[in-house]
Amino acid sequence: MYEKILLAADGSEHSLRAVKHAIALVKGEQAPHIDIIYVVDGEKSKSDVLHYGNTEIIQTKRKEKLTPVEEILMKEHISYEVHVKHGEPGPSIVKFANEGDYDCVVLGSRGLNQLQTMVLGSVSHKVAKRVECPVMIVK
């Protein structure tokens, strides 16, 4: 059904639920593959530098966040590629998805309440509104 899936993941419980739905979308394909995008926002990047100081340690810590997602994909024998981007998560995911010509984007919902969503906006809302392909938001 879907051949080219983009999974937005950050290692949270929400992204772990999302990976299971992404797997369900590619099951049955001849060569199932999922692209994973992990976006490091500017504030997190600054705090990582201040906290760890060493770029190698920072990169290792970021990769560790995605380890549970990668383990699930390996267990299911699904090939994947991780793309780490820097910037604001919503627009970065939208840009990457639209340039990549994906069949579907899958991401978890953080579960913001209505006030938080209205004031802050949510990544899933921004993505759903601006990506040119179907978007699956996993609660």
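Predicted model: local features only at pLDDT ≥ 70, side-chain atom pairs only at ≥ 80, totals over all residues.
Figure 1. Helix 1 comprises 14 residues and extends 21 Å between its first and last C-alpha, close to the 20 Å expected at 1.5 Å a residue. Buried positions in helix 1 are Ser15, Ala18, Val19, Ala22, Ile23, Leu25 and Val26. Viewed down the axis of helix 1, the buried residues fall within an arc of 150°, so they line one face of the helix. The face turned away from this buried side carries the exposed residues Glu13, Lys20 and Ala24. Gly28, with a positive phi near 95°, follows helix 1.

**Figure 2. The largest nonpolar core.** Of the 21 residues in this core, those touching the most other members are Ile5, Leu7, Ile34, Ile36, Val69, Leu73 and Val106. At least two core residues are supplied by each of strand 1 (5-8), helix 1 (13-26), strand 2 (33-40), helix 3 (55-75) and strand 4 (104-108). Helix 1 provides the largest share, six residues.

**Figure 3. Ser92 in helix 4.** Ser92 lies in helix 4, which spans residues 89-100. Ser92 counts as buried because its relative accessibility is 15%, the cut-off being under 20%. Its side chain reaches the backbone oxygen of Glu88 at 2.8 Å. Neighbours within four places in sequence aside, Ser92 is in contact with Ile37, Val39, His86 and Gly87.

Note on methods:
Residues numbered from 1 in each chain as written. Heavy atoms only, no water. Helix = DSSP H or I, 4+ residues; strand = E, 2+ residues; numbered from the N terminus. Buried < 20%, exposed > 50% of the residue type's maximum accessible area, 1.4 Å probe, protein only. Polar contact = N/O pair within 3.5 Å; in protein donor to acceptor, adjacent residues only side chain to side chain. Contact = heavy atoms within 4.5 Å. Core = buried A, V, L, I, M, F, W, Y, C linked by side-chain atoms within 4.5 Å. Expected span 1.5 Å × (residues − 1). Arc of directions from axis to C-beta.
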